[in-house]
Every structure is written in C-alpha cells, then in structure tokens.
Amino acid sequence: MKTKFHIKDLDLFFKEEKVLKQINFEIPANKILGIIGPSGSGKTTFLRALNRMNDLEDGTRIEGNILLDEEDIYKPDYDVVALRKKVGMVFAMPVPLPMSIYENVVYGVRLSGVNDSKLLDELVEKSLTASYLWDEVKDRLKTSGMRLSGGQQQRLCLARVLAMEPEVILLDEPCSGLDPISTAKIEDALTVLKKDYTIILVTNNTKQAARVADNTAFFLMGELIEIGSTGQIFTTPNRIETNDYITGRFG
Amino acid sequence: MKLIGEKGVKRILMLTAFSAISALLLIALFILNEGLPFIFKYGVKDFLFSSDWNPHLGKYGIYPMIVASLWVTFGALVIGAPLGVAGAFFLTEYVPKSIMRIIKPTIELLAAIPSVVYGFIGVMVLAPLIRNNFGGPGLSLLAASIILGIMILPTVISISIDSIMAVPQSYREGSLALGATTWQTIHMVTVKASKSGIIASIILGMGRAIGETMAVIMVAGNSVNIPHSPLDSVRTLTANIALEMSYATGLHRQALFATGVVLFIGIIILNSIASVVLRKRAVKK
Amino acid sequence: MRIHPRYTQRGAIAVLGGATLLTLLILAFIIFFILEKGLPGISLSFLTTNPTDMGRAGGIFPTLIGTIILPLLAIIIATPLGIFTSVYLSEYTKENKATRIIRFGTDCLAGIPSIIFGLFGYIFFVVTLGFGWSILSGGLTLAVMILPTIIRTSEEAIRAVPKSYREVSFSLGATSWQTVKKVILPNALPGIVTGIMLSIGRAIGETAAVIFTAGSSLRIPSSVFDSTRTMAVHFYILAREGISAENAYATAATLIIAVLIVNLSAYWLMHRFIAKRS
C-alpha cells in the first residue's frame, strides 16, 4: 500500500499557542481518511497544514515535517502553487466565486494557462458529472454559481477541485451546512472518487466518518489520540477518550 | 505579467506603495527649502510675532495672519462642531438606518460643492446680511467663521457617524433594556464609547478650516489686522499666500512660502494628533 | 433639580433633529440659490462660445475644456498608483512599520490644504521641472492631491472582498497576482470607481491648487505644455474681480451641475454595488 502523506513530529504554533502537538502518522493513497474530533481539537488546522493554507494566517509556524510522496512540503523554495494544484480543498462553507458555473469549474485550469475551449468543455462535463451535479446544471452553465442552492454550490466546489485533476482532495466539514439529500450525493461521489484520489475528510459528524471513511483518526486538544481502520475505531477503540467521543459523552 | 513574474509584480507594487509618502516628503522638502531659509534670515521671532506685513518695505511679520487663522478656525468649530456632532447622533440613534443611508451621502454632497461657490454665497448672501444687521464691512471674521463652519460639517458628521456606528449594538441594548431612554443611552453610553472618534472628527474639521483658502479670501475681507471684534475684516495665512502669490518675486515670494511652512507644520501636527486619537481607538478595540 | 427623562428625550430630539434639518436646509439653499440665479444664463451658446471682454460677455467654452482635461490627466496618473498601493497594502504585506508609515503618509497627504499643493506644484512642476503654467503642471498637482482619496477608497473596496474568495483562489493554485487580477479587482471595481468619481468631483471644483500651476489662460490649449483655465478658476476670477455677476452665476451653476452629476453617479454606483452584495 502506497503512502501519500507522511507526517513526522509535527508541531504547529499559532503565535505563542501550540495548536498541534507531536502528530505522527502516515496517510495511505487511494483511501478515504476520516478525521473526527470536537471543535477546537485542531483537525481543521491539521487539514490546512497539508496544502499550506495556514501560510495565509499571520503568526503560524510549524516544526517537524510533512512529506508528500516523500518530499517535504515545508522545505524552503518548495513550490506552494504546485502543491495546491496537487492537493485540492473543499471548504466548510460553499464559496462559489462570483462568476458563472462554467468559469467556476475551469478557474484553476485557466490559471495554469489552459484556454482550449474544447478541452475546457470536456473538463467541465467530466468534473460536474463526477460531483453528481451535471444533470442539474448542464442547461445553465453560463448562470452565476451563486444562484445555486447550498448543496449544489458545495458540489460545484467539489467539481472545481476535480477539474484541477489533483492527487489529494481535502474536505473540511463539507456537509456541515447541507441537507441530507445533498450530503448523500457528496458521500456517494466521494466513495466513487477514492479509486483515483486520496481523500481526507474532516467531519463533525462521526456517523459520516463511519459511513464513508476507510480509516479514521481521532483528534483531541491538538493531539492525535488514535488512528485505525474505521471498523476498529468505531467498534473496539483502544483509548477511553475515543470511546467517550464516539458514544457521545462529549463533543 | 508572466514576463515579470510574481516577485517582480510584488516589487513594482511596493514601489508604487511609496508614491504617497514620497509625494508628501517631496512637498515637505520643497516648501521647507523655499521657506525655512527666509524664516531664519528674517528671524523666527520677527516673522512669527511682528504685526508689520508690508512687502514693499521689506516687512514680513505674519502675527496678524496667525491670529486671524486661529480665530477663524475657532469660530468655524463653534458653529460647525456642535451642529455636526448633533446631526451625527440624530442620524445614528433616532433615524432608521435606511433613511440614514440616504441622508449621509446627501450631507456629504456639502463636501463636493467647490469652495469658490461657498465663498460666492458668502459674498452675495451672508456679508450683506451681517452688514445690514450688525454693521461693519460684512466681509469679516464672522462671515468667514460661518462659511467655514458649514464647510467642515460633512467632515465632522461623516467621521462622527462612522465612530458612533462602531459602538457595539450590545452596549445600547444593555442600556435600553435597563429602561433608559435613547437620549440617556446616548449621553451615558454612546458618547463615552465614541468619544475619541468624535474628537478626531473635530480635529480633522479643524485642519480643513485652517487650510481653506478660496472661500476665506472671498468672505474674510483680507485686511491685515488683529481683529478686535467678529465684525472686523481679517486676513488668514492661506489668504495671505493666495492673494500675493500671483505677483510676488524674490524675498516677498520666499516670505509667502515661509507662510506656507507655518501652515504646513500646523496641519501636520493636527493630523498627527487626529491619527493618534483614531489609532488609540483601534487599539482599544 | 431633576427633569423627567421623557422631557429630556423630547428636548434631545428637537435639538438634534433641528441641527440635522438645518444642515440639510443649508445644502438645499446653496444648490437652489446658485441654480436659480445661474440657470437662466446657461444656454448652448454659453457653453460653446469663447468668452469675450475678459469674460464679461460670451461663453465659457475654453474653461469647459480645461475642466475636463485637468481632472482627466490627474485621474490617469493617480488611478494606477492608488490602486497598486492599495493592492500592496491589503494583499501583499502584513501590518508592519512600513505599512504604518505608508498609511500615516497617506492620511497626512489627505489633510494638506490645497493652497500648499498649489505652492508645491508651482515650485516643483512649474519652476524646478520647467513645465511652466501648464496642463501638465496642473494635472500632476491634482494627481498628488487626489492620490490619498483613491488609495483609501480602493483599499476599503478591496478589504470588502470576502476573505473566502481569496482562500478559494489560493487553494486552486492561484498566485497572489492571479488572485488579485481574477478575483479581487473585479469584485472591488465598483468601490474603486466610486472613489475615482469622488476624486474627479474634487478635482473639478479645485481652485487654489490649479490657479498657481495651470495658470488662467483663456486660449484653447494645443499641447500639455499650454496654460488653461478651469471653470472653477474662471468663476473665481469673475466673482472676485466683479467682472460680471450674471456670467459668474451661470458659470457657478454649470460647475455645480457638473459636480452633482459626478457625485450622484458615484453614489448610484456605490448603491448598486451594495445592493448586489447583499
């Protein structure tokens, strides 16, 4: 089994505060990793460390290493733009850019200099199909992405990431604001997508992790408490905190 | 932009970012360079505190103009500040937001009216009114104060409104929930919380009044003397520069630049105070 | 003695409301007074003929040209500088000593009286650089004068673009400049344009900074090195030297109308922008 990310002794500081403490584990390729934990546990911060989105916040500093395909993504002169093209991200709140559905999907690709309209057309259809949105929007690709419903917007955001043909997809509580039907569509899309992508899904909803993740990691107070196959974590957790969290004692 | 690259873009942007500060330095440099040597040659004390301004006799004392500028500015504040602050409180605390959104830009139109037009109104309407009711030449310290008082209104009102709006709604709700009337809430809670912004608005209005030129030239009468009553004709620092600049040469021109130096330094001091006051507010948050 | 809160409340409404009403009445009075006296003097021939006899008779055609060309030149120079500065301040740098200095300088520049700009423009552009009393000197002086307004309004407009747009753009592999070009500037544009319009309004009405840098020639300029006279300067000369009250009123009315058009379209733009946002 191929390792996609290798996290070694990762500490992350925000100003003086240590937000992540001594994280060590490997993320296998072509699997869905679910990350669960109460809010404030550092799971979103961890996710944003994987495509260096934390760089945008003033006062963030890391120690330790994160290797992507055995290459340290925090080494000096590492190409951050290339990293983000390889590691796509879907945010908690769906944020369509204020442009048409079509332009939203091809935004990242156009930035890389692709302008061949036939190629772009194909890409739009392929990406929207993979995110289960094509049938709903194929007749109105030129209308603004902001006119879609919340669930549709989030699938548009997923399509936008797929169009980049990344290797990894990070999802930060992508269904937190969505209705059950949209949530189901996104979960269906993810289970299909994992054969081509490595997927890391941060979620507040333990049931969602149980439904779609192959492996599950449990974060608490900036520490990785436990990681294992989803079946093991949800049936025979090794740690008492994990058990308390998944059975709803706190969080 | 591909040719220059991301680093090149950043460098170009950084260079342009210094355009405003370099303009300011250039202005300071050229005004000081023209004016300061004169001040030292003529004598700081004689220049600032002598009342004798008589360019063809080589006399350059600007004391009357300094006094006039201070009085005119004071007069403008007496008229403009209470009116402006009162308006700001009325618009934020008593009027629905939707109406405020229409009235605020309307009042800001006052700032768009060219200063020569204010001066003209002063000459045609205000000066005769003063002459007929109170005597004197009409074109006077009083007329200048009233016109300037009106001209600083938009500055005072819009900056005050911004700072009153910045007071958290929860403060007001807390006070109103305890049974206070809107007025009690204003003078016990809102005024205190927005005080520094209101002070800054008045200081900035002051800067505007002290620096105003064309309107003042038209309504103040322009005779060089230390005023004894609001009905006297006065000449401000700005008017002194603008009136004589078109024909001044040699020492005379340097003396006008030196007048500019005094004005420039005064304004920079006022602005620095205002920006410190506003910064304090930002830090407190 | 204690007055019942109900009465202080009513008194406050009367006083504060009175102050607001007075302010609005003054504004209305100024506009109506000028328009009432000036509108009868405005005609097509007034706008399209040259003044004769120092402006005692004839129209204001050359001053219209001056009034259009000086602010235009100022905007062409100040807009890119202002926008780039605000992009740098909001997108390319964190708050530090340099940005504080830039902001302080911008605030100071905004507070400098126009007569000082006039003095500076005269000694720097007219004399030192040898541009003479000219469109170029006047335009450059106005550009320096309006630069802080453009920087401030652009920065506000840029900061109003949601942070999430930036995150999305970066997460899709955009560079800073790509994000600025494709997401930030298009979304901040209406706010930026509003700032530009307000600056144009200020430049149109400016007198002190222009009279000592662009001069007051009534000839139609043939190059940027020719002197020109703006409407505001023309009006000042007519009114102050008592040349012609009738023509002064008509010129003032034209000036007020021009300024109102520019400012009202700026507010209209801003309003549409805000409506679109919400």
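Visitor: What percentage of the 285 residues of chain B count as buried?

Guide: This is a predicted model, in which local features need pLDDT of at least 70 and side-chain atom pairs count only at pLDDT 80 or more, while totals for chains, interfaces and linings use all residues. Residues are numbered from 1 along each chain as its sequence is written, chains are lettered from A and ligands numbered from 1 in the order in which they are written, and side-chain values use heavy atoms, with hydrogens and water left out. A residue is called buried under 20% relative accessible area, exposed over 50%, and partly exposed in between, using a 1.4 Å probe and protein chains only. By that rule, the buried share of the 285 residues of chain B is 56%.

Visitor: Which helix of chain B is mostly covered?

Guide: Helices are DSSP runs of H or I with at least four residues, strands are runs of E with at least two, and both are numbered from the N terminus; chain B has 13 helices and two strands. In one of these helices, which covers residues 141-151, nine of the 11 residues are buried, among them B:Leu141, B:Ile147 and B:Met151. The mostly covered helix is α7 of chain B.

Visitor: Which two chains have the most contacts between them?

Guide: A contact means heavy atoms within 4.5 Å. Chain A and chain B do not touch, and their nearest C-alpha atoms are 11 Å apart. Of the two pairs of chains that touch, the one with the most contacts is the pair of chains B and C.

Visitor: In chain C, what share of contacts between residues at least 6 apart in sequence join residues at least 24 apart?

Guide: Chain C has 11 helices and two strands, and along the sequence its pattern reads α-α-β-β-α-α-α-α-α-α-α-α-α. Its C-alpha atoms fill a box of roughly 65 × 65 × 35 Å along the principal axes, and 57% of its 278 residues are buried. Among the contacts of chain C between residues at least 6 apart in sequence, the share joining residues at least 24 apart is 72%.

Visitor: Which residues lie closest to the centre of the second largest pocket?

Guide: On a 1 Å grid over the protein atoms alone, a pocket is an open set of points where a 1.4 Å probe fits, with protein on both sides within 12 Å along at least five of seven lines, and lining residues have an atom within 4 Å of a point. The second largest pocket holds about 1200 Å³ of space, a volume being the space filled by probe spheres set on the points, which are joined across faces, edges and corners. Of the 36 residues that line this pocket, the closest to its centre are A:Asp55, A:Leu56, C:Glu91, C:Phe170 and C:Ser176.

Visitor: Is B:Asn222 buried or exposed?

Guide: B:Asn222 lies in the loop between α11 (214-219) and α12 (237-245) of chain B. Its phi is near 70°, a positive value in a residue other than glycine. At 9% relative accessibility, B:Asn222 counts as buried.

Visitor: And what is the relative accessible area of A:Met221?

Guide: A:Met221 lies in the loop between β9 (215-220) and β10 (223-229) of chain A, and has a positive phi of about 50° although it is not a glycine. A:Met221 is exposed, and its relative accessible area is 59%.
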